[in-house]
Amino acid sequence: MNSLTVTDKAKAIAYGKRTYESLLTGKTLLAINIRSYFLRQLRIPYRTSVMLDDGFAYFNEKLKAFQLKNDSLGLADCYYVLGGFYRTKGLMTQAIYNMKKSVSYLSSDCQINSDIFSATFNQVNLWVNHNSVVGNYYFLVGDYNESLKYSRIAFKVFLKKGNPFTGNFPTYIALAKLMSGTTDSVEYFLNNL
């Protein structure tokens, strides 16, 4: 799907939707996590094309279906994508709202194990990433205190869980500190990239 996004966004969307639909019957954790990944990746061809309004319609439709099924991972995925869509349109209040809703359906209270496709690994990483994005969005609107708050939350869980993947939150923390005139520990955060 990512390769198609470069050459033909409409085909990438069609492929992503077909693949997502084909994974709906899978009940294993692997199938659930791959399905979640495909749903989130669908944001890219929508967001980088003239089909953004179609993307809003598709993900709002999925959101309603996930609400009926009380599917927290599906809800988190949809709110995450919609938050990015709103950011693309420059509607930052809606972007922040949707991203916070996404975080509210995830948990950081999981032990990470070595299986990259485990549900706990996915939940914690999504929770950390989405909090980091909230921090970034607050940074973009110039609310450096809120940016620091959400970026620090993500960073603390990142350190606590021994997460093997890095995110952008150390950068957001350092930049927010610089923009707010607080330069203490900036070097520390830049060294944790």
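Ser49 itself belongs to the loop between α4 (43-47) and α5. The model is a predicted one, in which local features need pLDDT of at least 70 and side-chain atom pairs count only at pLDDT 80 or more, while totals for chains, interfaces and linings use all residues. Residues are numbered from 1 along each chain as its sequence is written, and side-chain values use heavy atoms, with hydrogens and water left out.

The overall architecture comes next. The protein contains 11 helices and 0 strands. Helices (H or I, at least four residues) and strands (E, at least two) are DSSP runs numbered from the N terminus. Of the 193 residues, 48% are buried; buried means under 20% relative accessible area, exposed over 50%, and partly exposed in between, with a 1.4 Å probe and protein chains only. Contact means heavy atoms within 4.5 Å. Among contacts with a separation of 6 or more, 57% are made by residues 24 or more positions apart.

Two packed helices are described by the angle between their axes and the distance between the axes. Helix α2 (residues 9-22) and helix α5 (residues 52-69) pack at an angle of about 10°, and their axes are 14 Å apart. This angle makes α2 roughly parallel to α5. Here axes are lines fitted to C-alpha atoms, for helices over the stretch in contact, and angles run from 0 to 180 degrees between N-to-C directions. Angles under 35 degrees count as roughly parallel, over 145 as roughly antiparallel, 65 to 115 as roughly perpendicular, and the rest as oblique. On the α2 side, Lys17, Tyr20 and Glu21 meet Tyr58, Lys62 and Phe66 of α5. Helix α5 also holds Asn60, which is partly exposed at 30% relative accessibility. The C-alpha atoms of Asn60 and Tyr79 are 8.8 Å apart, although 19 residues separate the two along the chain.

In the loop between α5 and α6 stands Asn70. Asn70 has a positive phi of about 55° although it is not a glycine, and it is exposed, with a relative accessible area of 65%. At the start of α6, a side-chain oxygen of Asp71 reaches to within 3.2 Å of the backbone nitrogen of Leu73. The 18 residues of α6 should span 26 Å at 1.5 Å a residue, and the end C-alpha atoms, 26 Å apart, agree with this; the expected span is 1.5 Å times one less than the number of residues. Because 13 of its 18 residues are buried, α6 is largely enclosed by the rest of the structure. After α6 comes Gly90, with a positive phi near 80°.

The structure holds 5 salt bridges, each a side-chain nitrogen of Lys or Arg within 4 Å of a carboxyl oxygen of Asp or Glu. In one of them Arg40 pairs with Asp77, the closest N and O atoms being 3.3 Å apart. This pair links distant parts of the chain, with Arg40 in helix α3 (residues 29-41) and Asp77 in helix α6 (residues 72-89), 37 residues apart. Both Arg40 and Asp77 are buried. Other buried residues of α3 include Ala31, Asn33, Phe38 and Leu39.

Another salt bridge joins Glu146 and Lys149, with closest N and O atoms 3.8 Å apart. These residues are separated by about one helical turn because they are 3 residues apart in helix α9 (residues 144-161). An α-helix has 3.6 residues a turn, so residues three or four places apart point the same way. Glu146 is partly exposed, with a relative accessible area of 22%, and Lys149 is partly exposed at 41%.

Lys177 and Asp184 also meet in a salt bridge, at 3.1 Å from N to O. Lys177 counts as buried at 3% relative accessibility, whereas Asp184 counts as partly exposed at 45%. Ser185 lies in the loop between α10 (169-179) and α11 (186-190). Ser185 has a positive phi of about 65° although it is not a glycine, and its relative accessible area of 34% makes it partly exposed.

Note on methods:
A polar contact is a pair of N or O atoms within 3.5 Å; within protein, one must be able to donate a hydrogen and the other to accept it, and residues adjacent in sequence count only if both atoms are side-chain atoms.
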